[in-house]
Amino acid sequence: MKDMPPLKSLLLKNHPAALFGVFLWGLAVILIFVKVVLEPGHHTVLDSYLLGAERWIDRVKLYSGPGGFIYTPTFAVLFVPVTKLPVFLADLLWRLFTIGLYAWASLRLLKHFQEYSGETLFNRFGLFSLIAVPLAFSGFRNGQFNVVLIAAMMLVVSQIIEQRWNSAALILAFIMSLKPTFIVFFLLATTLFRPLWLRVPVMLLAFLSLPLMFGLDYGVEQYKHFLEMAHSAVDLGVTTPNWASFFNIPAQLFNVSVPESLQNIIKVMLAAITWAACFYAIVRHGTKNGLIYLLSFAACYHVMFNPRSVNTDYIILGTTLAFWFATAAFQWRDKTLTWTTGLIALGVLFAFDISRTLVTGATSWFNPLMATVFTGVLIWQLSRKRVFAP
């Protein structure tokens, strides 16, 4: 074995599925590079990010309704340097940045649980990637900020495990200052860990104040416009039944709409239950285990109850599915859970096609259904006292 060629030794040492999972990262980068070269400016949301930055430079109104640039003024300010790059280069670098950040955050998270798995980090990362990369590919291709969002969630989990409270607070505050839909994970993490109680609000105020440093009147005006835009965006999500959110399941399947007042009551009740479940997991099973439940419940709540969820947003759910899948397969050797999480992930991957095949004209009801099923799986595992770190 000592004289065996390195490649042959690698192939014998590592699981074939893990090798294929790692291969998918390289394939994703190649496909995206080719896409950018052959079709620059296609299938990308970078143009909306640059739109906000260019409007900031021109000192005009950042927002033009619930479409286009829908992020905070802080986002616009921080993206200004990117406008100095050629569009082709900016498009490519942004996509490579999001892929690299996601891969790094995934490895950081998996490494914290490696000692309990009985497998190499390569194998666990590879099996994780087998689920995560296909589900994340559309986010990679489009350069969506949700890739950064779930990467930030994984990094915060790692920082809290390591008790790096300042860096955890910095990430929480920074991402929240850019995209308010981060609020589910933000509130769960911030309220459940006392060292973050003071750090996060102070840092968040600092980031939100950044645009005001470049002109107080203009900055305040843009925040007012942002609140108006956010309100109209939520209204559009609530009143339009084609989003991939929980309350649009009956709307798309049975043409039955849920009144907004009832939606709000259900959201508040389930938010309280979610917080209580995460609190229980942390107290009963310790910080490491509790944080995985927190990440998973936050992902489910985020995609199910964001009124403007779309199918590509389910990278957030797919990442947690990938973690549970790899753990069930390599650490617990639980075939039932492995197949369950694998099939849910497969449903998320083909949700668009399944939705419109089963129901004519509907494209977004299957993903929230999969999120609902996975929430049930999480409750099932929590009731069984399933832990990742004994």
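Which residues lie nearest the centre of the second largest pocket? Among its 19 lining residues, they are Trp94, Phe97, Phe145, Val148 and Phe174.

This is a predicted model, in which local features need pLDDT of at least 70 and side-chain atom pairs count only at pLDDT 80 or more, while totals for chains, interfaces and linings use all residues. Residues are numbered from 1 along each chain as its sequence is written, and side-chain values use heavy atoms, with hydrogens and water left out.

The second largest pocket holds about 410 Å³ of space. A pocket here is an open set of points on a 1 Å grid where a 1.4 Å probe fits, with protein on both sides within 12 Å along at least five of seven lines; lining residues have an atom within 4 Å of a point. Helix 4 (73–78), helix 5 (87–111), helix 7 and helix 8 (165–176) each give two or more residues to this lining; helices are DSSP runs (H or I) of at least four residues. By class, the lining has 18 nonpolar, 1 polar and no charged residues; Ala, Val, Leu, Ile, Met, Phe, Trp, Tyr, Cys and Pro count as nonpolar, Asp, Glu, Lys and Arg as charged, and the others, Gly among them, as polar.

I turn to the largest pocket. About 1000 Å³ of space lies there. Of its 36 lining residues, Ile70, Lys179, Thr181, Asn306 and Arg308 are the closest to the centre. Helix 7 is among the elements that give two or more residues to this lining, which has 20 nonpolar, 11 polar and 5 charged residues.

Terms used. Grid points are joined across faces, edges and corners, and a volume is the space filled by probe spheres set on the points.
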